[in-house]
Amino acid sequence: MGKVLKVNGADFSLERLLSLREFLIEQGYNPDHVATEINGEVVPKTAYESVVLSDGDVIEIVRFVGGG
């Protein structure tokens, strides 16, 4: 059975365990260009590989955008 997460306010299902880094890459994000928060806690980029997503996690992903 898959895991159900909330990602940027929308329900999301995972069929297998993924690290945060793997999840970001699979969703088309460059992990070096985003900031993430899981369950209200900011996740340092150095932890993206070791943090494994769990059922019920609430994830916020913010992409950096430049411009002027």
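This is a predicted model: local features need pLDDT of at least 70, side-chain atom pairs count only at pLDDT 80 or more; totals for chains, interfaces and linings use all residues.
Q: Which way do S1 and S2 run, and how many bridges join them?
A: They run antiparallel. Strand S1 covers residues 3–7, strand S2 covers residues 10–14, and five bridges join the two. Within this pair, Lys3 stands opposite Leu14 in S2.

Q: And what do S1 and S2 form, with how many residues between them?
A: They form a hairpin, with two residues between the strands. Asn8 is in the turn and has a positive phi of about 50 degrees.

Q: How does S1 run against S5, parallel or antiparallel?
A: S1 and S5 run parallel, and two bridges join them. Strand S5 spans residues 58–63. Lys6 stands opposite Val58 in S5.

Q: Where does S3 come in, and in which sense does it pair with S5?
A: Strand S3, residues 34–38, pairs with S5 in the antiparallel sense, over five bridges. Thr36 has Ile61 in S5 as its bridge partner.

Q: Changing topic: how many residues are in the largest nonpolar core?
A: There are 16 residues in that core. Those with the most contacts inside the core are Leu20, Phe23, Leu24, Leu53, Ile59 and Ile61.

Q: What does Leu53 touch, not counting residues up to four places away in sequence?
A: On that basis, Leu53 touches Leu5, Leu14, Leu17, Leu18, Leu20, Phe23, Ile38 and Ile59.

Q: One more residue, then. Where does Ser19 lie?
A: Ser19 lies in the loop between S2 and H1.

Q: Is Ser19 buried or exposed?
A: Ser19 counts as buried because its relative accessible area is 4%, and buried means under 20%.

Q: Which residues is Ser19 in contact with, leaving aside neighbours within four places in sequence?
A: With those neighbours left aside, Ser19 is in contact with Tyr48, Glu49, Val51 and Val52.

Conventions
Residues are numbered from 1 along each chain as its sequence is written. Side-chain values use heavy atoms; hydrogens and water are left out. Two strands pair if DSSP finds at least two bridges between them. Helices (H or I, at least four residues) and strands (E, at least two) are DSSP runs, numbered from the N terminus. A nonpolar core is a set of buried Ala, Val, Leu, Ile, Met, Phe, Trp, Tyr and Cys residues joined through side-chain atoms within 4.5 Å. Buried means under 20% relative accessible area, exposed over 50%, partly exposed in between (1.4 Å probe, protein chains only). Contact means heavy atoms within 4.5 Å.
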